[in-house]
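The stops below go from a helix pair to backbone details and then to a pocket.

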Amino acid sequence: MSSHEDRLKALREQLKADRLDGFVVPLTDEHMSEYVGSYAQRLAWLTGFQGSAGAAAVLPEEAAIFVDGRYTLQVRDQVDGSHWSYQSVPETSIADWLKLHAPDGGRIGYDPWLHTRDWVTKAKEALADKGAEPVAVRRNPIDAVWADRPEPSRARLIVQPDEYAGKSSAAKRQEMADWLKEQKADSAVLAALDSIAWTFNVRGKDVERTPVALSFALVHDDGTADLFVDSEKVGEDVRQHLGNGVRLHERLEFENVLRAMAGKKVAVDPERSVAAIFDALDEAAAKIVTRRDPAVLPKAIKNQAEIAGHRAAQARDGAALSRFLHWLSVEAPKGGVDELKAAAKLQDFRQQGGDLRDLSFDTISGAGPNGAIVHYRVSEATNRPLEMDRISLVDAGGQYPDGTTDVTRTVIVGTPTAEMKDRFTRVLKGHIAVSRARFPEGTRGSQLDSFARQFLWEVGLDYAHGTGHGVGSFLAVHEGPQRISPVGSAQPGGDEPLKAGMILSNEPGYYKTGEYGMRVENLVLVVPVEAEGAEKKLLGFETLTVAPIDRKLIDTELLSPAERRWLDDYHVEVLNIVGPRLEGEAKAWLEAACAPL
């Protein structure tokens, strides 16, 4: 089927055949993943939207697509407004929209493997006023009309060695077993792919940019586990690594095993497990206790091996980024560098640095006005040259076996305007304020979010995304449960207390639609700090990312002495770690880029 218009028409015909008056299409998979395998890219297939968060609702006569503030511009570029109305989240929700638009007495279909139980409850409430109801489908109607839908990946699982993991899978499962006994529960469902990868010390290649394998798991109160993964994906090395304590089953067996858990007390995470999991346990008359997935917090609090691995990955990554920034400083002024060429060159430098398994997300390479699209993804159609006296932004990361990186640098080719310098320096001041923050144990990310925005707020400016997200260890680049984001933002997690060992991004920005975008992003580690006379245990951040910040964009008059000191100290650190990895012109460039203000 060629056009998205034809696909929408085909879906409506299928809905009629299925006796449905509508259907909801989220961007996720059976594991509530943020990034999904190509087989699960139903929203993109139907609408053309390429962002990493969104959903759609289709009715017989109208259709809507729902995105948050990061994708306001992108959705208008990619999705045809004559067939789809654009809806903004969290100002509205699918449930709110259906309440207004669903036909009276309508049957609105949803795939129970792609929604949480909470979503189903809200949809029921919203539709009740109209005598309408959400209807769980056995087969997703999009799959019925998507003729060339890709098969799920058959890639083999990979062992993540204990030297990188820092703790054996058996030890992790025993800690979960102890937790289950405290909860007086028999078993816990693990449905999130990164939780399963972390718990069993395995990685996979089933989702682009995130090294996970399509699987489900049950962990039991005796430390044993059942892992549901297609047998063709499991080699002898992985079988031996998993050992006798892990029983292997085909992935499709998961639902049947849940249905056989009669009388068992099972811990299920309502945020990370889909409605179909709850439905199967209800059919079995199992006793469900809703608890957070027991891997989530220990996965977020990195151990010493994971922290050491992350530092090693950052050193390689910082050298690659510094080589790239040097190359850009030479080539961009000549003309002939565009967004695609820049992204490809940065990937080249990362690959030359060794041990790169994948990028951690699609590189955001935005020149001029494209940089103002927060989660811009460069394509042949949108590719722009890097022009003189224009700002360019590159946000990119690598997946290495010892760590996951994510960094943004903003550069000017030529000379910035006074406004550009003012805006960039305000963003930088916010970044430094978060980096230098000290806070008592128990502080939540949401309490630190305004540290980053204050200098933009002073002049009536802001940015429409969170300030920071958690990052995994050779896992998801967006990892919960912690975030630095405003209270009530579209991306939850700002309410999680920060704990020593957590890794987060620190990435304030500013975006002037139609002109430029800027962001300064480093990853930071939460560490204990000392203060004389302190009456509470204090935490702070140690910056992990090592790459120079473009001084041409800094208005030094706007920086306080403490901020200048921070920047000079940071650049000394960059030079110490990255300098020995560079030579010749690149090293000379780095020395100049890191010279004191």
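Select helix H16 (residues 418-436) and helix H17 (residues 445-457), whose axes come within 7 Å and cross at roughly 155 degrees. Axes here are lines fitted to C-alpha atoms, for helices over the stretch in contact, and angles run from 0 to 180 degrees between N-to-C directions. H16 and H17 are therefore roughly antiparallel to each other, a label given to angles over 145 degrees. H16 passes H17 in a right-handed crossing, meaning that the near helix is turned clockwise from the far one by less than a right angle. Helices (H or I, at least four residues) and strands (E, at least two) are DSSP runs, numbered from the N terminus.

This is a predicted model, in which local features need pLDDT of at least 70, side-chain atom pairs count only at pLDDT 80 or more, and totals for chains, interfaces and linings use all residues. Residues are numbered from 1 along each chain as its sequence is written, and side-chain values use heavy atoms, with hydrogens and water left out.

Next, select Phe474, in the loop between strand E22 (468-470) and E23. Its phi is near 45 degrees, a positive value in a residue other than glycine. Phe474 is buried, with a relative accessible area of 5%; buried means under 20% (1.4 Å probe, protein chains only), exposed over 50%, and partly exposed in between.

Move on to Pro481 in strand E23 (residues 479-484).

Look for Pro90 in the loop between strand E4 (85-88) and helix H4 (94-101).

Then go to Met32, in the loop between strand E1 (22-26) and helix H2 (42-47). Met32 is not a glycine, yet has a positive phi of about 60 degrees. With a relative accessible area of 24%, Met32 is partly exposed.

Finally, select Glu30, Trp113, Arg149, Arg251 and Leu252, which lie nearest the centre of the second largest pocket among its 24 lining residues. A pocket is an open set of points on a 1 Å grid over the protein atoms alone, where a 1.4 Å probe fits, with protein on both sides within 12 Å along at least five of seven lines; lining residues have an atom within 4 Å of a point. The volume of this pocket is about 660 Å³, taken as the space filled by probe spheres set on the points. Colour the lining by class to find ten nonpolar, two polar and twelve charged residues. Asp, Glu, Lys and Arg count as charged, Ala, Val, Leu, Ile, Met, Phe, Trp, Tyr, Cys and Pro as nonpolar, and the others, Gly among them, as polar.

Definitions and conventions
Angles under 35 degrees count as roughly parallel, over 145 as roughly antiparallel, 65 to 115 as roughly perpendicular and the rest as oblique.
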